Amino acid sequence: MKRIGVTGHRSIPQEVHEHVLAAMRAALGGIDGCVEALSSLAVGADQIFADLALAQGARLTAVIPSGDYEDCFADGAELARYRALKARAVREVRLDFPHSTDEAYYAAGAYIADHCDRLLAVWDGRPARGLGGTGDIVTYARGLGRPVTVIWRDGVERD
């Protein structure tokens with residue numbers, strides 16, 4: 001089974017959104033149910049990827065960073081979307097962190113990089129804003145020799 005993981009920004013500017021969708025669809029194109037998609041199901045890139053992967057027949061593995069992860073969702077709609085995606089996962093990996101800390105996020109990203117054959121990174125190319133951010137996970141995955149596909153549009157900055 002081929003395994004594709006995701007890392008990426010939670011905030012994706014509108015002018016990049018269609019590009020992200022198209023690139024993810026292309027990366028997931030032609031799958032026949034023999035793909036495992038690994039995601040932490042965070043708002044933004046993680047949820048977009050999980051939605052597209054499920055729509056194309058992939059098997060979703062939810063990598064949950066901490067016991068209180070649900071507390072990190074800003075509102076009821078975000079939490080409901082997270083729960084709906086998690087309910088569709090065929091497998092859940094819950095890390096042993098009690099709280100959602102930068103270390104927990106880094107560990108979840110590292111787990112995804114460790115267990116995928118290819119990593120999709122919705123990344124503006126800038127350093128991570130905190131430990132476990134997209135830039136850190138891209139660096140980690142590249143250090144493992146994992147193929148990393150960066151998805152972004154030049155000249156677009158995020159908030």
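Helices (H or I, at least four residues) and strands (E, at least two) are taken here as DSSP runs numbered from the N terminus, and helix axes are lines fitted to C-alpha atoms over the stretch in contact, with angles running from 0 to 180 degrees between N-to-C directions. The model is predicted, so that local features need pLDDT of at least 70 and side-chain atom pairs count only at pLDDT 80 or more, whereas totals for chains, interfaces and linings use all residues. Residues are numbered from 1 along each chain as its sequence is written, and side-chain values use heavy atoms, with hydrogens and water left out.

Helix α1 (residues 14–28) packs with helix α2 (residues 45–55) at an angle of about 45°, the axes lying 10 Å apart. This angle makes α1 oblique to α2, the term for angles that are not under 35 degrees (roughly parallel), over 145 (roughly antiparallel) or 65 to 115 (roughly perpendicular). Contact, meaning heavy atoms within 4.5 Å, is made by His17, Leu21, Met24, Arg25 and Leu28 of α1 and by Ala45, Ile48, Phe49, Leu52 and Ala53 of α2.

In the largest nonpolar core, which has 37 residues, Met24, Phe49 and Val122 touch the most other members; such a core is a set of buried Ala, Val, Leu, Ile, Met, Phe, Trp, Tyr and Cys residues joined through side-chain atoms within 4.5 Å, buried meaning under 20% relative accessible area with a 1.4 Å probe, protein chains only. Among the elements that give two or more residues to this core are β1 (2–8), α3 (76–88) and β5 (118–122), while α2 gives the most, with 7 residues.

Key
Buried < 20%, exposed > 50% of the residue type's maximum accessible area, 1.4 Å probe, protein only.
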